[in-house]
Amino acid sequence: MNRTTLSLIAAATALAAVTGFASMSAPADADTTASGTVARLPVERTSQLCPAPSVSDVAETTYTSITPTGKGGADSEPAADAGGSAELKESTVTLAEPGGTDDGKKDDDKKDEEKQADAGKGVAADGKPFVTLKEPGTPVSAESSGASSPALVGTATGRFAPGWTTQQTTTVSVGGARGLLGMTCTAPDTDFWFPGASTERSRQDYVHLTNPDDTVAIVDIELYGADGAVKAETGEGIPVPARSSVPVLLSTLTSEAVPNVTVHVSTRAGRVGAAVRAADDAGGSDWLTASGTPAGSVVLPGIPADATDVRLVALATGSADADLKVQLATPDGTITPAGHESLHVKSQMTAALELGDITKGEAGSLVLTPSSGGGAPVVAALRVVRGKGEKREIAFIPATAPVASRATVADNRAKGSTLSLTAPGASAKVKVTSSAGTEGGEATVETYTVKARSTLAVTPKAPAGLKGAYALTVEPESGGPVHAARTLELPEDGVPMFTVQTLPDDRGTVSVPRAREDLSVLDNGK
């Protein structure tokens, strides 16, 4: 069967070109350390991967893409190519069983598991542009509908590369996959941790593996529960074909029904993008993205003020146990929730802590620190519930690193967006830019001060004359580290549909060595 697909494609400029140029000179506005040692230059190439959005025939998906302006971004002098591109292209794929034959079934006759498998079989071929970024600072959007939308693979280069961000937002109004599913499309990597998944019968959790390269990637999936590694019949040596996506239903990897599972995805060969689409029979669905790099102290920002139930799931990734102090950073400072003061996490075992309605009407962020000493490295995530009974809706908040220089989240609407800024240490001053809209408007800038050891939740100031969706860019200006998250609310029929995206640093710049002398003055050794 032939279907239409979207893929993110752009021209390529190797990062090596940046390094080669920087060894001779650096832009005047580059961030440098000691003279003649290291320079911070804008990256020249950025890749993104978005998983197949849904298996529901009523799914409506919006992709919103932007390259922000700012330090290290589009208004910095490019190190090599002054041009560049970032495009969404439309392609045609054949969705068929391996070997190239159609299975003969219509979509309406297929179960969700079959639709998931179909969504991973397409290999995109180059096609005409679907959406093209025209100017940094101005977002663009595209829409897709139904269960046949496959994964997206893309690249931005030149002045469009630093900080390029794409948000995938899917609304499913009915069925077992009902919910608002949102995620920021990710970069390919070789190692991912996902605390908060499940193999219970009430959950349908798929880990989506997307390979952006021209060679096969080989992936291992490990599951960890409360008693350690979960016995899995399969999960080792999973091949992900070139430029393809493979969804794996976690409950097919083991016969054990485990309520709280940490998923470890690693590659033996190649690299992939990975994300978990979690669906709860009674609580809706959303994407669970990877926890940040394992660390002794972690922050999980952006718990909504009206959360009715919060569950912390953590795993100690190393050989040592972790004893964690559990604190909530509120608007008025950091508190220790009564009855939930600490959590003991055994080595390579998953621990869970039920926190209930911990925020009690005030938005907050969870801060985990070692009870003593340096602390064993952990990964962590929150499962957050809003609403009650049949009107429940879930979302996930993974631990995330602070914004070192800049971070962006796209697809904010005129109503329904909340930005959470957390300073777990010293107070911080933060600049927040609301971009122009996808269909019009002028960017606006606000500056916020986040008190020490607190969370500041604000309704962002929308761009003047906003039409369409816009992006938020967060840039710390002074003070201590800042962690950030955006909550997007799109309620429907009394269900408080929502999704939370954390804002890790966009890594829009790269460190390169600087020459101690200008070798260009040498004339062929003369």
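A quick word on the source. This is a predicted model, where local features need pLDDT of at least 70 and side-chain atom pairs count only at pLDDT 80 or more, while totals for chains, interfaces and linings use all residues. Residues are numbered from 1 along each chain as its sequence is written, and side-chain values use heavy atoms, with hydrogens and water left out.

Now the core around that residue. A nonpolar core is a set of buried Ala, Val, Leu, Ile, Met, Phe, Trp, Tyr and Cys residues joined through side-chain atoms within 4.5 Å. Buried means under 20% relative accessible area, exposed means over 50%, and partly exposed is in between (1.4 Å probe, protein chains only). The largest nonpolar core has 31 residues. L300, L312, L366, L368 and L382 touch the most other members. Strand β22, residues 307-316, gives the most to this core: five residues. Strands here are DSSP runs (E, at least two residues), numbered from the N terminus.

Next, a sheet. In what order do its four strands run? The order is β8-β5-β10-β11. The sheet is open, and the pairing is antiparallel. Two strands pair if DSSP finds at least two bridges between them. The edge strands are β8 (140-145) and β11 (179-184), and each pairs on one side only. From one strand to the next, the twist averages 15 degrees. That uses axes, lines fitted to C-alpha atoms, with angles from 0 to 180 degrees between N-to-C directions. Look at β5, residues 60-66. β5 pairs with β8 in the antiparallel sense, over six bridges.

On to the disulfide (a pair of cysteine sulfur atoms within 2.5 Å). The whole structure has one. Which cysteines form it? C50 and C185 do, with their sulfur atoms 1.9 Å apart. The link is right-handed, with 110 degrees about the S-S bond. C50 sits in strand β4 (residues 45-50), and C185 in the loop between β11 and β12 (191-197). They are 135 residues apart, so the pair links distant parts of the chain. Are the two cysteines buried or exposed? C50 is buried, because its relative accessibility is 0%. C185 is buried too, at 7%.

Last, charges. Side chains of opposite charge can pair when their charged atoms come close. A salt bridge is a side-chain nitrogen of Lys or Arg within 4 Å of a carboxyl oxygen of Asp or Glu. The count comes to 15. Take R413 and D411: N to O, 2.6 Å. R413 is partly exposed at 25%, whereas D411 is buried at 1%.

Then K431 and E475, at 3.5 Å, N to O. K431 lies in β32 (residues 428-434) and E475 in β37 (residues 470-479), so the pair ties together parts 44 residues apart in sequence. K431 is partly exposed at 26%; E475 is buried at 9%.

E446 and K461 meet at 3.7 Å, N to O. E446 is partly exposed at 27%, and K461 is partly exposed at 46%. Finally, salt bridges with shared partners join D220, E236 and R268 into one network.
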